Amino acid sequence: MNITKFFSWAFLGIAVIAFIFFSSIVSLITDWWWYQEVGLTEVFVKSLSAKIIVGAVAGIIAATFLLTNLSLAIRSKIPWMAAIPEALIGTSQPITLNSRIIGKLGIILSCVIALFIGLLASSSWHDILKFLSSTPFGQKDPIFGQDVSFYVFSLPVFSLGLGLIKTVILVSLISCGAIYILRGSLNLSSILGKFDLSKLTGKPEGLIPKSAKNPISDPKARLHIGILLSLFLITIAIGTYLSLYNLLIAQSGPVFGAAFTDANIMVPILRISVFVYGVSALLALFYGVSGKIVPLLGAISLTVLVGFASWIIPSVFQKLIVAPNELTKETPFIKYNIAASRKAYGLDRVEEREIAASKPITASDIAANNLTIKNVRLWDREPLLSTFSQIQEIRTYYEFSSVDNDRYVVNNELRQIMLSPRELASDSLPNKNWINERLTFTHGYGIAAGPVNQVTPEGLPVLFVKDLPPKSEVKELEVTRPEVYYGEIPNEYVIVKTKSKEFDYPKGEENVYSNYAGKGGVEINSPIRRLLYALRFGSLKLFLSSDITRESRILYYRNIKERVSKIAPFLTYDRDPYLVIAEGKMYWILDAYTSTDRYPYSQPLPLNGGKVNYIRNSVKVVVDAYDGSIKFYQTDLDDPIIKTYAKIFPKTFQKLEDMPKGLISHLRYPEDIFTLQTAVYTTYHMDDPQIFYNKEDQWEIPAIAQGDTAQTENETPTMNPRHMIMKLPGETTEEFILMLPFTPRAKDNLSAWMVARNDGQEYGKLVVYRFPKDKLIFGPKQIIGRINQDAEVSRQISLWDQGGSQVIQGSLLVIPIEESLVYVRPLYLKAATGKIPELKRVIVAYENKIAMEETLEAGLAKIFGTDEDQTKPSGDTPAPPAPTDTTKEGLLNQANESYETAIRAQREGDWTRYGEEIKKLGEILSKLRQ
């Protein structure tokens, strides 16, 4: 019965393993076809080869070492038996094992451990490839003089290899020691005192060999254990030596990196520990040869003493010597930390400029910065996304997942544009079946795009591109290939070029269909390919469908983040991919980062669930929204990490000069790295160690409430950086920049603001504009407080609230004009029964002045006395009024239009517009009575 159960479980285990193995083979083959389709087989071949070679080498070495030591421990001219005492296993009787059974169990255990070690090593294939192709940083650490590349590329591999070697040696030491004790070849009575070997060996007292009854062990067994113990102590010595360098990538003092106590106490102690462990290793070998164990015990006791000292002495030294004079002692190490952090985050090249802020803004300044005013971003992403979803999705299965902003030259003028692709959400299909999901509804269609600050009379965004098929009012945003097969929505696989036509877009009561004409997707031109893909995606219909032909292609990995991560998982990607229109086609651009958390002395910060203390935006990834083609462009020629990856994958990364010019003009500085850099700069703009230590001039990023959330100290989120078009102080033309302000720590007034430039030769340059410390410049939190206290603003919001409408307060915009700042906050209104936010008011604040008007131009005019027509966005100039239709039919149409507008305003709680339309309706009715 037991044998039957054993074979049943064995068969089940084999079946499960075979199934897992078969699934992996299917995935491997289909992935190979996918890499062929995107033209990046180099990544597949090198990564797979590295995994196999590294795993196989590590596994073979581990298996060889374990099995060799096992065979040495088990071998004997005379067969022997051993018993495991019942006290050790909790049974009523001991278990007796002969040498053959122990050997088989040892082989199985050794192979399992070797397999585990091989898998663990193979998972670090990219670290090993980076080590083999490492590029020097050209910067040395200030303590040991090692190049930074040692910490980034070499130290992780040394630590990994040492850890695996130590594991193998320790397993061999324990297993061999246990075998020798079980067979009576190793006597520990001299150490453990009296020991009943008859219970251990399972032999009567009289049958125990003399060598096992006296303190003299088998010389071969002792030598074997001595060698293993010596090897183990050597690995500990090497690990202790490597821990010297780990002091520079850890924190124990006031700053990250080795501090005064580390450099003056821990380093000598660790070096002494290395020496002690080395001596212990020699004495372990001496014990194996001579059998004298007292010197070894003495050396091991010394290592324990040194370990105890390394725990006590630094703490005492820190409290008695360093703490009373911490600033003096730690000054050199604070300097190391400041220099390393600024270098690692690319802040060593920041240009600082002083702003006098002594000249007030005038109407002429507003006029001189007309293009900045025309591009003030009045539409927030969330309200605009809600509006797009209501007025441009058109069908339930379309979805706008995000809104991107970029700059385009429209009518020879630089304009900031918000745009969003209309993607297909297969989960929202009204009739979900395999044909609809995989063959018919395969792609999204078109985009919605418009300027960031233009509004219709109804409070809706002006759209330059809209509807289905997409109609563009400006040439620069025309889209000739509007199909979106690859996007941000995580759709599953689809099959194109089939007998089933693909749905393009609805047109009245009918639908427009098309066939895919691109080169994307993997050809499924054979039964074998169809069978393997059917197995991979778990769909028998894929294999049996008669709609699939030899020309058909299967498209998968269609989510752009998943798609690029499949090729380059060793890069970190920005959270916000953005869409670009170039030459009539749509492209996704993703910013990719190279990073590490092992840069000596650099302060680490959290990023995407991990931590980094070095980062570069070294790669721009371009994905064609139609055919899914992927290009990796290397943008940072000085970053050693991307240079190392370029050595490993020379055909994967292309030069930035190879990028089409139509795309280069749309590259932008990414928000994630800028957020990190501004967070670091709040502290690391202080380069004087004493000021840094005391945090005398520390800044912070303003935390202000968004929308209707309450302003609280602990839960209010910090401001996010914003892309905008503006003319920087001292510059002559407007440009696309990324900007974020700073306030003093625990204060609300403004200290400075940082910009990242985005255009042309200035791309990537960071500039900080600092305000004088003796002049009060209102900060965002102070402005919001003043806005909330303004009587007119409060009255209007209360009026809307009483009407049942929801008031949405947009993000506070900080607009630099000349050497001062203007604050702008849009107000959106959403009817109680509606879902469309409408832009109803714009609040403008400057110094002590606040204005709330229907347009930004009107608000500026109220504060600065400007002419509204000078600051109206291009394309918004009102046309001459059309002749009024005074016929009875014309007046009736006008009356009907005014009535509908009034009713709509009533539903939305816009009582001002309601009153205007009722008044207008009365005038029209008076004309009809005449």
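Tyr-681 has a relative accessible area of 0% and is therefore buried, a term for values under 20%, with exposed meaning over 50% and partly exposed the range in between (1.4 Å probe, protein chains only). The model is predicted, so local features need pLDDT of at least 70 and side-chain atom pairs count only at pLDDT 80 or more, while totals for chains, interfaces and linings use all residues. Residues are numbered from 1 along each chain as its sequence is written, and side-chain values use heavy atoms, with hydrogens and water left out.

**Aromatic pairs**

- Rings of Phe, Tyr and Trp (its six-membered ring) pair if their centres lie within 6.5 Å; planes under 30 degrees apart count as stacked, over 60 as edge-to-face and the rest as tilted.
- By this rule the structure has 48 aromatic pairs.
- One of them joins Phe-632 and Phe-653 in an edge-to-face arrangement, with 6.0 Å centre to centre and 80 degrees between the planes.
- Phe-632 belongs to strand S24 (residues 630-634) and Phe-653 to strand S25 (residues 653-655), so this pair ties together parts 21 residues apart in sequence.
- Helices (H or I, at least four residues) and strands (E, at least two) are DSSP runs, numbered from the N terminus.
- Phe-632 and Phe-653 are both buried.
- Tyr-681 pairs with Trp-699 in a tilted arrangement, at 6.2 Å centre to centre and 55 degrees between the planes.
- This pair links distant parts of the chain, since Tyr-681 is in helix H23 and Trp-699 in strand S26 (residues 699-700), 18 residues apart.
- Trp-699 has a relative accessible area of 3% and therefore also counts as buried.
- Ring pairs also link a cluster made up of Trp-32, Trp-33, Trp-34, Tyr-35, Phe-44, Tyr-493, Tyr-533, Phe-537, Tyr-556 and Tyr-557.

**Asn-758**

- Asn-758 is placed in the loop between strand S29 (752-757) and strand S30 (766-770).
- With 2% relative accessibility, Asn-758 is buried.
- The side chain of Asn-758 reaches the backbone oxygen of Ala-756 at 2.9 Å.
- Leaving aside residues up to four places away in sequence, Asn-758 touches Arg-407, Leu-667, Arg-668, Tyr-669, His-723, Phe-736, Ile-737, Leu-738 and Tyr-763, where contact means heavy atoms within 4.5 Å.

**Pockets**

- On a 1 Å grid over the protein atoms alone, a pocket is an open set of points with protein on both sides within 12 Å along at least five of seven lines, a cavity is a set of points where a 1.4 Å probe fits but cannot get out, and lining residues have an atom within 4 Å of a point.
- Grid points are joined across faces, edges and corners, and a volume is the space filled by probe spheres set on the points.
- The largest pocket holds about 1,200 Å³ of space.
- It is lined by 45 residues, and those closest to its centre are Thr-635, Leu-656, Gly-760, Tyr-763 and Gly-764.
- Strand S23 gives the most to the lining of the largest pocket, with five residues.
- By class, this lining has 21 nonpolar, twelve polar and twelve charged residues; Ala, Val, Leu, Ile, Met, Phe, Trp, Tyr, Cys and Pro count as nonpolar, Asp, Glu, Lys and Arg as charged, and the others, Gly among them, as polar.
- The second largest pocket holds about 1,000 Å³ of space.
- Its lining has 43 residues, of which Arg-381, Glu-671, Met-719, Asn-720 and Pro-721 lie nearest the centre.
- Helix H23 gives the most to the lining of the second largest pocket, with five residues.
- The lining of the second largest pocket divides into 22 nonpolar, eleven polar and ten charged residues.

**Cavities**

- There are three cavities of 30 Å³ or more.
- The largest cavity holds about 80 Å³ of space, and among its 13 lining residues Glu-423, Val-484, Tyr-485, Gly-487 and Asn-491 lie nearest its centre.
- Five nonpolar, six polar and two charged residues line the largest cavity.
- The second largest cavity holds about 50 Å³ of space and is lined by Asn-375, Val-376, Arg-377, Arg-722, His-723, Met-724, Leu-813 and Ile-815.
- Strand S27 supplies three residues, the largest share of the lining of the second largest cavity.

Conventions:
Polar contact = N/O pair within 3.5 Å; in protein donor to acceptor, adjacent residues only side chain to side chain.
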